[in-house]
Amino acid sequence: MIGEKNAERSFDPCKRASDDGCTGGSGTYRDHCLRYEELLDETAEPTINYIKVSGKGLEVSKKGLVNVHMVFERGKKNMTYYTTPYGTLQMGISATNLELTESEENLQIKADYALDMNEEHVADCYLAIQVQPRDCKDF
């Protein structure tokens with residue numbers, strides 16, 4: 001649930017950070033990197049999540065109890081492995097639409113995609129992300 005404020009998640013916008021999985025980028029206005037922690041299990045360490053947006057597409061990475069690196073590029077199918085404590089699934093992501101809306105106080109990202117699991121289509125999905133500064137009056 002990206003964009004909600006609660007005690008279990010905190011967001012750190014980090015344009016062009018270097019040591020935490022948010023590296024590189026061309027420096028254009030479309031390059032953004034976000035980091036947040038997610039508690040998937042009360043007994044486990046937090047899962048670290050990164051969302052990277054660039055002119056090329058969108059990347060979502062999870063490192064912790066669940067591990068995955070999902071790449072969303074329009075018109076291209078990207079394969080990855082979704083690893084959980086219960087096993088690993090092969091995942092295919094075919095982005096059909098990517099949208100980025102950016103203003104001084106807000107960043108909105110939307111990805112429409114087809115999801116395959118173990119080489120079989122399972123769903124047509126979308127991911128919607130809304131980001132705003134911590135000091136925003138509506139946070």
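Helices (DSSP runs of H or I, at least four residues) and strands (DSSP runs of E, at least two residues) are numbered from the N terminus. From that end, the elements of this protein run β-β-β-β-β-β-β-β-β. The protein has 9 strands and 0 helices.

The model is predicted: local features need pLDDT of at least 70, side-chain atom pairs count only at pLDDT 80 or more, and totals for chains, interfaces and linings use all residues. Residues are numbered from 1 along each chain as its sequence is written, and side-chain values use heavy atoms, with hydrogens and water left out.

**Confidence**

The pLDDT is the predictor's confidence in each residue, from 0 to 100. Its mean for the protein is 79, and 77% of the residues reach 70 or more. Confidence is highest in S5, at 97, and lowest in strand S1 (residues 11-13), at a mean of 39. Over residues 1-29 the pLDDT is below 50, and this stretch has 55 contacts in the model beyond near neighbours in sequence. A contact here means heavy atoms within 4.5 Å.

**Overall surface and contacts**

Of the 139 residues in the protein, 35% are buried, where buried means under 20% relative accessible area, exposed over 50%, and partly exposed in between (1.4 Å probe, protein chains only). The accessible surface comes to about 8600 Å², and carbon and sulfur atoms hold 47% of this area. Such areas come from the Shrake-Rupley method with a 1.4 Å probe; for residues, only the protein chains shown count as cover. Among contacts with a separation of 6 or more, 27% link residues 24 or more positions apart.

**The sheet**

Two strands pair if DSSP finds at least two bridges between them. An open sheet of 4 strands has the order S6-S7-S8-S9, with antiparallel pairing. Strand S6 (77-84) and S9 are the edge strands, each pairing on one side only. Neighbouring strands of this sheet are turned by 35 degrees against each other on average, direction ignored; the axes are lines fitted to C-alpha atoms, for helices over the stretch in contact, and angles run from 0 to 180 degrees between N-to-C directions.

S7 and S8 run antiparallel and are joined by 11 bridges, and a hairpin connects them through 4 residues. S8 and S9 also pair in the antiparallel sense, over 11 bridges. Their hairpin has 2 residues between the strands, and Asn118 in the turn has a positive phi of about 50 degrees. Some bridge partners are listed below.

| Residue | Bridge partner | Strand of partner |
|---|---|---|
| Ile93 | Leu115 | S8 |
| Ala114 | Asp124 | S9 |
| Leu115 | Ala123 | S9 |
| Asp116 | His121 | S9 |

**The nonpolar core**

A nonpolar core is a set of buried Ala, Val, Leu, Ile, Met, Phe, Trp, Tyr and Cys residues joined through side-chain atoms within 4.5 Å. The largest one has 21 residues, of which Ile51, Leu58, Met70, Phe72, Ile93 and Ile109 touch the most other members. Strands that each supply at least two residues of this core include S2 (32-38), S3 (47-53), S4 (58-63) and S5 (68-72). The strands S7 (87-102), S8 (107-117) and S9 (120-131) do likewise.
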